[in-house]
Amino acid sequence: MLEKILAKDNLDQQDIIYLLKLEDKADVKRLYEKAREVKQAYVGNKVYYRGLIEFSNYCSKDCYYCGIRKSNQEVPRFTVSEAEILETAKWAYDNAYGSITLQSGERSDPLFVEFCESVIANIHKQSNQELGMTLCMGEQSKETYKRWFNAGGSRYLLRIETTNPELYEKLHPKSSLHSFEQRLACLDTLREVGFQVGTGVMIGLPDQTYEDLAKDVLFFQAKNIDMIGMGPYVVHNDTPLGAQTIEQNLNTMQDRAWRLRVSLNMIAVCRILLKDVNIAATTALQALHPLGREKGLEAGANILMPIITGQEHRKAYQLYNNKPCINDTAEHCKNCLFDRVKSVDNQVGYGEKGDSPHYYKRLQEG
Ligand code: SAH
């Protein structure tokens, strides 16, 4: 059965569910092997860095799972100054990181929009437009997306979190700020504005089914998505969903091992089906296993997001518990990730932007 599915050119929902459920060691090994074959053929064995700058944890939203949600009073709030962000971006450039990712809590007030626009434009300028920039600053108006795009942002990552609207509702307060339809519409707007568009989901959420996840993968395909950033759901104690997950005894070692396995299977399935997209081995994988990100690369991912946020801010930017690297510096993370990439026989694409090949194909096809 497994070989029959792996030989197919396109996968349907049932095929995907079959692959996501694989847990036998030899089967999983075969699945990853196939994913690596496709990775080699379509994107090569280079891994591209997106130095992650988590520049502000102020957030207007109250997502039930997220550690920096508005109602979490336990987190000291910060915004990194423009000068410091520029310095961090310069470090990335000087160290031949081809790209950075700017990430923050979600705000859409004029002050924030303008601040981001200036930061993006100045990073663009100081790096002679050579540094790729992925933005991850949530739902915004078309006008804001345009301003940030024109300032020099070229990619945008906005996770849909889950494509099941009922599950989405369980994860968010019922308010216009947390509308599934609006988040969905933002993905289309980003495409119209010209960004390389990335999305993704959390994997292993309470009440999420294999069918939900298979539909997520088919959604990425149908939406012609260029980049995927997805990872396991990881509990954060000071959140409603985190507390509920623990209370319902759904965060045992077995649960976490299961979330990790399904996340890796998701990466492999996305690589096998979508082929030429960029897929990140996200930090959350490492929150569940010390070698989580290496495993992500072995399962078909080709993007790493080394945290370059200043050490003093890392503790206050915890979306989930057990976030790795919070006591490290950018220099630590650089050396450590180089070793991780080498350990799985991949190379770092130093000094290259590493844009999504799918994006260029999409442009060609009009
Ligand atoms: N506010 C921005 C980006 C910051 S959050 C936005 O809305 O896009 C980035 C991602 O972290 C979210 O999209 C979510 O998928 C992930 N995240 C948040 N809490 C998490 C948790 N408890 N476990 C795993 N991932 C989480």
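A salt bridge is a side-chain nitrogen of Lys or Arg within 4 Å of a carboxyl oxygen of Asp or Glu. The views below come from a predicted model, in which local features need pLDDT of at least 70, side-chain atom pairs count only at pLDDT 80 or more, and totals for chains, interfaces and linings use all residues. Residues are numbered from 1 along each chain as its sequence is written, and side-chain values use heavy atoms, with hydrogens and water left out.

**View 1. The salt bridge of D15 with K8.** The closest N and O atoms of D15 and K8 are 2.8 Å apart. D15 has a relative accessible area of 7% and is therefore buried, the term for values under 20%, with exposed meaning over 50% and partly exposed in between (1.4 Å probe, protein chains only). K8 is partly exposed, at 37% relative accessibility. The search of the whole structure finds 24 salt bridges.

**View 2. The salt bridge of R30 with E33.** The side chains of R30 and E33 meet at 3.2 Å, N to O. Both belong to helix α3 (residues 25-42), and because they lie 3 residues apart, about one helical turn separates them. Helices (H or I, at least four residues) and strands (E, at least two) are DSSP runs, numbered from the N terminus. E33 has a relative accessible area of 34%, which makes E33 partly exposed.

**View 3. The salt bridge of R155 with D355.** The closest N and O atoms of this pair are 2.8 Å apart. The pair links distant parts of the chain, 200 residues apart: R155 is in strand β4 (residues 155-157), and D355 is in the loop between β11 (347-348) and α16 (357-365). R155 is buried, with a relative accessible area of 0%.

**View 4. A network of salt bridges.** The linked residues are K61, E106, E139, E161 and R183.

**View 5. The crossing of helices α6 and α8.** Helix α6 (residues 142-151) and helix α8 (residues 180-193) have axes that come within 10 Å and cross at roughly 40°. α6 is therefore oblique to α8; angles under 35 degrees count as roughly parallel, over 145 as roughly antiparallel, 65 to 115 as roughly perpendicular and the rest as oblique. Axes are lines fitted to C-alpha atoms, for helices over the stretch in contact, and angles run from 0 to 180 degrees between N-to-C directions. K142, Y145, K146 and F149 in α6 meet C186, T189, L190, E192 and V193 in α8, contact meaning heavy atoms within 4.5 Å.
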